[in-house]
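Keep the sequence and the 3D view open side by side.

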Amino acid sequence: MDENAKPVRVMDSADVDERAEIGAGTTVWHLAQIREEARLGRDCIIGRGAYVGPGVRLGDNVKLQNYALAYEPAVLGDGVFLGPAAVLTNDTYPRAVTPEGRLKTGEDWEAVGVVIGDGAAVGARAVCVAPVTIGRWALVAAGAVVVHDVPDFALVAGVPARRIGWVGRAGVRLEAKDDGRFVCPQTGVEYVEADGRLAEAQA
């Protein structure tokens with residue numbers, strides 16, 4: 001079957017702006033809201049009550065679980081997972097009003113975004129405080145508050161989030177080997193750490 005021929009499924013109670021772009025095979029569940037100029041890739045799943053802000057970019061095969069909130073100008077790579085009620089913020093100095101007490105409008109602040117690399121996952125009720133970048137295949141534990149960039153393959157947890165280990169593409173915590181390498185107990189793939197970074201070992 002032609003990938004581009006897959007139907008888009010939008011539940012009746014979802015609110016999808018006509019200016020949003022929805023990729024083939026994507027499903028938008030009940031009460032979700034997709035704002036203007038948002039762009040969703042192919043085969044995404046947008047859970048009940050989830051929110052995708054104006055101009056937000058989602059790659060292919062992205063999953064936003066129920067009530068996950070991706071505020072503009074977030075950019076999510078292919079295969080990204082946002083757990084239930086996870087939040088990507090966009091306001092460095094949040095206030096409802098100006099110092100003079102006037103209700104803020106869009107001209108009174110500048111949105112900053114969260115960028116999430118391919119394959120990364122953000123656990124339930126975690127908060128990523130913009131501007132931060134979550135590296136490829138990283139894993140943010142449930143309830144964590146991310147205030148600093150997260151390297152590729154890093155496992156971070158806590159408030160504020162700190163690296164507590166490494167994970168592979170399968171999301172399983174890597175095990176250290178005697179030769180200084182790390183191995184995924186599920187896939188057997190090996191990784192090499194250098195200068196606080198992790199990369200897949202060359203075959």
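Glu200 is partly exposed, at 29% relative accessibility. This is a predicted model. The side chain of Glu200 meets that of Arg169 in a salt bridge, 2.8 Å from N to O. Glu200 belongs to strand E26 (residues 197-200), while Arg169 sits in the loop between strand E22 (162-166) and strand E23 (175-176), so the pair ties together parts that are 31 residues apart in sequence. Arg169 is also partly exposed, with a relative accessible area of 42%.

How many salt bridges does a search of the whole structure find? The count is 9. Among them is the pair Lys6 and Asp43, whose side chains meet at 3.2 Å, N to O. Lys6 has a relative accessible area of 27% and is partly exposed. Asp43 is partly exposed too, at 23%.

Another pair is Arg102 and Asp108, with side chains in a salt bridge of 3.0 Å, N to O. Arg102 is partly exposed at 43% relative accessibility. Asp108 is partly exposed at 29%. Elsewhere, Lys177, Arg181 and Glu190 are linked in a network of salt bridges.

Glu190 leads on to the strands. Strand E25 spans residues 190-194, and it pairs with strand E24 (residues 182-183) in the antiparallel sense over 2 bridges. Look for Phe182, which stands opposite Tyr191 in E25. E24 and E25 form a hairpin with 6 residues between them. In that turn, Gly188 has a positive phi of about 80°.

E25 also pairs with E26, again antiparallel, over 4 bridges. Here Glu193 has Leu198 of E26 as its bridge partner. E25 and E26 make a hairpin as well, with 2 residues between the strands. Asp195 in this hairpin takes a positive phi near 55°.

Now turn to the open sheet. It has 9 strands in the order E1-E4-E7-E10-E13-E16-E19-E21-E22, and the pairing is mixed. Which strands stand at the edges? They are E1 and E22; each has a single partner strand, so one side of each is left without a neighbour in the sheet. Further in, strand E4 (residues 27-28) is joined to E7 by 2 bridges. These two strands run parallel. Thr27 has Ile45 of E7 as its bridge partner.

Next, find Asp60, in the loop between strand E9 (57-58) and strand E10 (63-64). Is Asp60 buried or exposed? Asp60 is buried, with a relative accessible area of 17%. The cut-off for buried is under 20%. The side chain of Asp60 reaches the backbone nitrogen of Arg42 at 2.7 Å. Leaving aside neighbours within four places in sequence, Asp60 is in contact with Gly41, Arg42, Cys44, Asp78 and Gly79.

The backbone has some cis peptide bonds to check. One runs from Glu72 to Pro73, with omega near 5°. Pro73 sits in the loop between strand E11 (69-70) and strand E12 (75-76). Another cis peptide bond joins Ala130 and Pro131, where omega is about 0°. Pro131 is in the loop between strand E17 (127-128) and strand E18 (132-134).

Ala85 is not a glycine, yet its phi is positive, about 65°. Ala85 lies in the loop between strand E13 (81-82) and strand E14 (87-88). Phe153 likewise has a positive phi, near 65°. The place of Phe153 is the loop between strand E20 (145-146) and strand E21 (154-157). Phe153 counts as buried, at 1% relative accessibility.

Notes
Residues numbered from 1 in each chain as written. Predicted model: local features only at pLDDT ≥ 70, side-chain atom pairs only at ≥ 80, totals over all residues. Heavy atoms only, no water. Salt bridge = Lys/Arg side-chain N within 4 Å of Asp/Glu carboxyl O. Buried < 20%, exposed > 50% of the residue type's maximum accessible area, 1.4 Å probe, protein only. Pairing = 2+ DSSP bridges. Polar contact = N/O pair within 3.5 Å; in protein donor to acceptor, adjacent residues only side chain to side chain. Contact = heavy atoms within 4.5 Å.
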